[in-house]
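Hello,

Here is the model I promised to pass on. Please open it beside this message, and my notes follow below.

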Amino acid sequence: MKYRILGKTGFKISEISLGTWQVGGKWGSGFDDQKAEEILNTAIDNGINFIDTADVYEDGLSEAAVGRVVRSRSEKIYVATKCGRRISPHVNEGYTPEALTKFVEDSLKNTGLGRLDLIQLHCPPTDVYYRPEIFETFERLQEQGKIDKLGVSVEKVEEGIKALEYDNVSTVQIIYNLFRQRPQEKFFKMAAEKNVGIIVRVPLASGLLTGKFSKDSHFSPEDHRNFNRDGEAFDKGETFAGVNFERGVEAANALKAVFPDTENLAPMALKWILRREEVSTVIPGASKVDHLLSNLSVEETPDLSEDQIQKMNRVYEEFIKNEVHQRW
């Protein structure tokens, strides 16, 4: 495992880390504690020392599993969680210092940890980024020893840029992958200048970039890849990185021509992200150990050649860019 510094947090973290949205099973399948603990322990056994969760993942069960495993291990494991999405309706007015303080205290109880290494606002409405009192709330929580660092998880590049204005924002979690390239245009440079760590989420475009789907692939009714394709439940960009599914399958098939001897494109897609030194870590999810090991295989995968990178980018230009580039 290779390690990188997470911006001004100073945390030295694994470049491949673990997102836990579906760590207890596939999306919407219910939570399996035994499966979650198996995935989490396997991750740590393989050098992962940064785990991202959220209070809304399976209504706190993911947080609890992460805390339980981390407390059982001797290694230093950095725990990042997120708060804000429990606000219902999820609107700007629901964000108050009192509500956010309560969420942090609930996460501490849920994880059983004495302090949260990183708390992140969980894709708040855009207007929240224009409210200094929200960000000041976390300064008080730091003073009280309840949190160490503050970050944000954003939907749009513009939100990430606005978040950089707050000195106590140490990290920005953003969607970035071969099918979502806009963050590298301005945001990466601006974050690097502020020494803000970049955490990349949805790195495989909800599985599209594994190359394992066909246009006939089906997903369960409870799976967001079935019910959120047009943004009915939450931001459309969370599902397949906002790409039309059929178009995304065509693009993935074109990628297979770049790597004709490769059955699983996931390591190549992750290598494409990690070629950027501004990226601190990538947090692909895993609903089974096999998925985790696939993601970890990037560490044994040779670096991409310039020719391969150019061909991958041409797939984006031809199939994806006009549809999604300016949206997020």
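A polar contact here is a pair of N or O atoms within 3.5 Å; within protein, one must be able to donate a hydrogen and the other to accept it, and residues adjacent in sequence count only if both atoms are side-chain atoms. Helices (H or I, at least four residues) and strands (E, at least two) are DSSP runs, numbered from the N terminus.

This is a predicted model, where local features need pLDDT of at least 70, side-chain atom pairs count only at pLDDT 80 or more, and totals for chains, interfaces and linings use all residues. Residues are numbered from 1 along each chain as its sequence is written, and side-chain values use heavy atoms, with hydrogens and water left out.

Helix H8 (residues 245-258) is capped at its N-terminal end by Asn244, with a side-chain oxygen 3.1 Å from the backbone nitrogen of Glu246. Buried (under 20% relative accessible area, 1.4 Å probe, protein chains only) residues of H8 are Phe245, Gly248, Val249, Ala251, Ala252, Leu255 and Val258. Down the axis of H8 they fall within an arc of 160 degrees (directions from the axis to the C-beta atoms), so they line one face of the helix.

Now the sheet: eight strands form an open sheet in the order S3-S4-S5-S6-S7-S8-S9-S10, with parallel pairing (at least two DSSP bridges between two strands). S3 (18-19) and S10 (279-282) are at the edges with a single partner strand each, so one side of each is left without a neighbour in the sheet. Four bridges join S5 (residues 78-83) to S6 (residues 116-122), and Cys83 stands opposite Leu121 in S6.

Best wishes

Definitions and conventions:
Buried means under 20% relative accessible area, exposed over 50%, partly exposed in between (1.4 Å probe, protein chains only).
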